Amino acid sequence: SPTASTRAVAEEFWPSGAGPELTRLERLLQVFIYNSFDQGSGDDALEAGGLYLAASMLSHSCAPNAAWHLDDANSFHLHARTHIREGEEITIPYLSVADLCLPTPDRREILSA
């Protein structure tokens, strides 16, 4: 059944109840959350996010072979951190630099949240 957060989003955008079916809305919100990239300007990661089709296909590694950044036009730039062999999977960190320094159990907990 849909979470309280999904119900709150639906009530905010469609107060008359004319919005989408709640289970479908929850699935769409989860896709956005798990595939978006933080674009917040401060410490609040919930401030803004963006979707980049190719980038959302990249896998996580705590020892990634690539990194990304956004330029002033909000274009996604991916660059190699190490030599990447042909056919090798390209990985990026899903965690912040500070979180990458945490012990493995703490990083796993953050990633599974």
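# Exercises on a predicted chain

The structure holds two aromatic pairs. The model is a predicted one, in which local features need pLDDT of at least 70, side-chain atom pairs count only at pLDDT 80 or more, and totals for chains, interfaces and linings use all residues. Residues are numbered from 1 along each chain as its sequence is written, and side-chain values use heavy atoms, with hydrogens and water left out.

## Exercise 1: Aromatic rings

Describe the aromatic pairs and the exposure of their residues.

*Solution.* Start with the criterion: rings of Phe, Tyr and Trp (its six-membered ring) pair if their centres lie within 6.5 Å; planes under 30 degrees apart count as stacked, over 60 as edge-to-face and the rest as tilted. The rings of F13 and W14 have centres 5.9 Å apart and planes at 50°, so this pair is tilted. Next, W68 and F76 form a stacked pair, at 5.2 Å centre to centre with 10° between the planes.

Exposure comes next. Buried means under 20% relative accessible area, exposed over 50%, and partly exposed in between (1.4 Å probe, protein chains only). F13 is exposed, because its relative accessible area is 59%. W14, with 33%, is partly exposed. W68 also counts as partly exposed, at 24% relative accessibility.

## Exercise 2: The chain as a whole

Give the order of the elements and describe how the chain is spread in space.

*Solution.* Helices (H or I, at least four residues) and strands (E, at least two) are DSSP runs, numbered from the N terminus. The chain has four helices and six strands. Read from the N terminus on, the elements run α-α-β-β-β-β-β-β-α-α. The radius of gyration is 17 Å, well over the 13 Å that the globule rule gives for 113 residues, so the chain is more spread out than a compact globule. Here the radius is taken over C-alpha atoms, and the rule is 2.2 Å times the number of residues to the power 0.38. Along the principal axes, the C-alpha atoms fill a box of roughly 55 × 35 × 30 Å.

Of the 113 residues, 19% count as buried.

## Exercise 3: The cysteines

*Solution.* A disulfide is a pair of cysteine sulfur atoms within 2.5 Å. A search of the whole structure finds zero disulfides. C62 is in no disulfide, and the nearest cysteine sulfur, that of C101, is 10 Å away. Seen from C101, the closest cysteine sulfur is in C62, and the 10 Å between them is too far for a bond. C101 counts as exposed because its relative accessibility is 68%, whereas C62, at 34%, counts as partly exposed.

C62 is placed in the loop between strand 3 and strand 4 (66–70). Apart from neighbours within four places in sequence, C62 is in contact with L95, L100 and R107. C62 and V97 are 35 residues apart in sequence and 9.8 Å apart in space, C-alpha to C-alpha.

## Exercise 4: Two residues in their elements

*Solution.* T91 belongs to strand 6 (residues 91–92). At 11% relative accessibility, T91 counts as buried. Not counting residues up to four places away in sequence, T91 touches S59, H60, S61, A63, P64, N65 and A66.

I110 is in helix 4 (residues 104–112). At 35% relative accessibility, I110 counts as partly exposed. Its contacts, leaving aside neighbours within four places in sequence, are L95, D99 and L102. I110 and T23 are 87 residues apart in sequence and 25 Å apart in space, C-alpha to C-alpha.

Technical notes. Contact = heavy atoms within 4.5 Å.
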